[in-house]
Amino acid sequence: MHYFLTEEQQMIQELTAQIAREKIRPVRAELDTNEQFPWEIMKILSQADLFGLYIPEEYGGMGGGIFENCLAIEKLGEACIGIATSFAASGLGAYPILLFGGDELKQKYLPQIASGKRLAAFGLTEPGAGSDVSGIQTTAVKDGDHYIINGSKQWITNGGESEIYSILAITDRAKGPRGASFFVVEKGDPGFSFGKKEKKLGIRASATRELIFQDCRIPADRLIGREGMGFIIAMKTFDKSRPGIAALGVGLAQGALDIAVEYARKRVQFGKPIISFQAIQHKLADMAVKTEASRALVYSVARYMDSEPHDVSKVAAMSKVFAGDVAMEVATNAVQVLGGYGYMQDYPVEKMMRDAKILQIYEGTNEIQRNIIGQELNKEYSRLKESFL
Amino acid sequence: MHIVVCIKQVPDTKNVRIDPDTHTLVRQGVESIINPFDMFAVEAALKIKDQNGARITVITMGPPQASEALRDTLGLGADDAVLLSDRAFAGSDTWATSTTLSAAVRKMGDVDIIFCGKQAIDGDTAQVGPEMAALLDIPYATFVKKIEIPGDGSLKVVRQTDEGTEVWKLPLPCLLTVIKEIGEPRVPSLRHKMRAKKAEIPVWGAADLGLDPDHIGLCGSFTQVVRVFSPPRRTNRIQLEGSLEDQAEQLFQYLKNARIPGL
């Protein structure tokens, strides 16, 4: 199906599809098995100018938007969302700086992130604060022209591999939700270290580590925006990044569908290719319908968000929840179509099924997405003058 | 430094068929690709550009659609491309091809290094590179796998031979044909791809190159293909297995039983 892409957008698709085909597919199983961070691929993506798709040209990027970034993430995700997550997570780390950083912070960090020479990461989650962000314990205390950070962040994607971290810390606990702030911390800052690398069910090529701050001293100009803006920055960042996670889901679903259809055409049982049986046909049809519906929603949302509207939280959440659920379902059914072979590591669908699960959990669980959608519906309808009853 | 890379469009051999009647390659409907060894030549040039800075011009002799292959190399980071295209070039053998390509290099004038792949996967002759060097009267090295630039107007290259490796020093300008060990071809970059899409690729014909029609195309070719055929499959092959000593012993016994004179 055609989505009326511009020439430039088609080029992004072609280029990322080539990288997925030639560079990612041959190594995805090995990186998954060895839990090895995809530095080779990150280098290729950097040389291909893909890290700065959504970053303005004045900061060394390509001047595109969320949609362009989603197109790239989707194609990479068709081959491996572990690798694509490592790529996309740098964007998640960049958004707080891009959206709320002063010009000096932007000048300093965005060109490095856009070129892919340094990866970024985003640090919010803590042992006691996941869905409930207000539970965070990490503190940042002003000390002259420095801040001193203490605490820890848990399950940080690209942790230990990235060099630039956007992290959330409490600057004034008395102010409650308005007492949190975002900071840039660099690998190598005094008092900043990493915990062990986590062992995961899926996306095992991506690195997940704890960030540990023990009297970590950073210059005060690393504050992003102003003190107290932390929660706003976190929410606005997630609004921007959620379509990217959704794009991972579209890619994963497409990748699983491709394998399932090809397999069903070749696998012969009862003297016929199994695709000739309705039990398989209907399953494949549902997988294809949902994958296309997911893509249509994600593209629409990404394009809408690039038009800079105000009401993005609901649609961003919708794209993430739908594409994540579809990816999980399609990957699970792909394993079913391949039967015993699908359960074995000889085919990539078992990895896709393991990988898909994270899409319903990270960057706000799908339950939290539904909360957001529900709350937004309540707000929207409270403003309506018309009655439907 | 100005580097010229010579490339060739070849049929994608993964899909090649031989016409059973004419014994020639069926080219209709077969996708063209850049000769894989020429991709290593482009990569070799790009590596030098990355490390030392250089201007890269890619050339090919071929029909108008060959400009798409040139555009692909611009997407990888080459600076310019020139298509050598003229009906008069049709039917060129390696000599006429080398004549045409070297005329283009001469026209550019300021070339320091010429890169070719070690051979093309369709003809497999490996002649065009050395012939160009002969026509341009410059030194050349074939099967190059490593290049160093000492900065004294020369190149230090490592070439692969059947016996091992050789290290050569060549004065500039020179021509090198490269093998895959030079480095895996990179993927394009988005900026280069966008530039390539819009790039104007000049076309030079026989007149632009000042070439005598008798020296190019079919007229300028010393060789003609009389017949193309698949060699008959050899049967009765024996594969020896085991340690080298075992294999030598088996071979000895075999030759002995075969009554080779002197054994």
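Two residues are taken to be in contact if their C-beta atoms, placed from the backbone, lie within 7 Å. For chain B, the mean pLDDT is 91, and 97% of the residues reach a score of at least 70. Where pLDDT is low, the predicted coordinates should not be read in detail.

Chain B contains six helices and 13 strands. Its C-alpha trace extends over about 65 × 50 × 40 Å along the principal axes. Of the 263 residues in chain B, 38% are buried.

The packing of two helices of chain B was examined in detail. Two packed helices are described by the angle between their axes and the distance between the axes. Helix H2 of chain B, formed by residues 67-76, packs against helix H5 of chain B, formed by residues 190-198, at an angle of about 145°. The axes of the two helices are 7 Å apart, and the crossing of H2(B) with H5(B) is right-handed. On the side of H2(B), the contact involves B:Arg71, B:Leu74, B:Gly75 and B:Leu76; these meet B:His192, B:Lys193, B:Arg195 and B:Ala196 of H5(B). Classified by residue type, the contact of H2(B) with H5(B) comprises three nonpolar, two polar and three charged residues.

Technical notes: Residues numbered from 1 in each chain as written. Chains lettered and ligands numbered in written order. Predicted model: local features only at pLDDT ≥ 70, side-chain atom pairs only at ≥ 80, totals over all residues. Helix = DSSP H or I, 4+ residues; strand = E, 2+ residues; numbered from the N terminus. Buried ≥ 20, exposed ≤ 12 C-beta atoms within 10 Å, placed from the backbone. Axes fitted to C-alpha atoms, helices over the stretch in contact; angles between N-to-C directions. Left-handed = near helix turned anticlockwise from the far one by under 90°. Nonpolar A, V, L, I, M, F, W, Y, C, P; charged D, E, K, R; others polar. pLDDT = per-residue confidence, 0-100.
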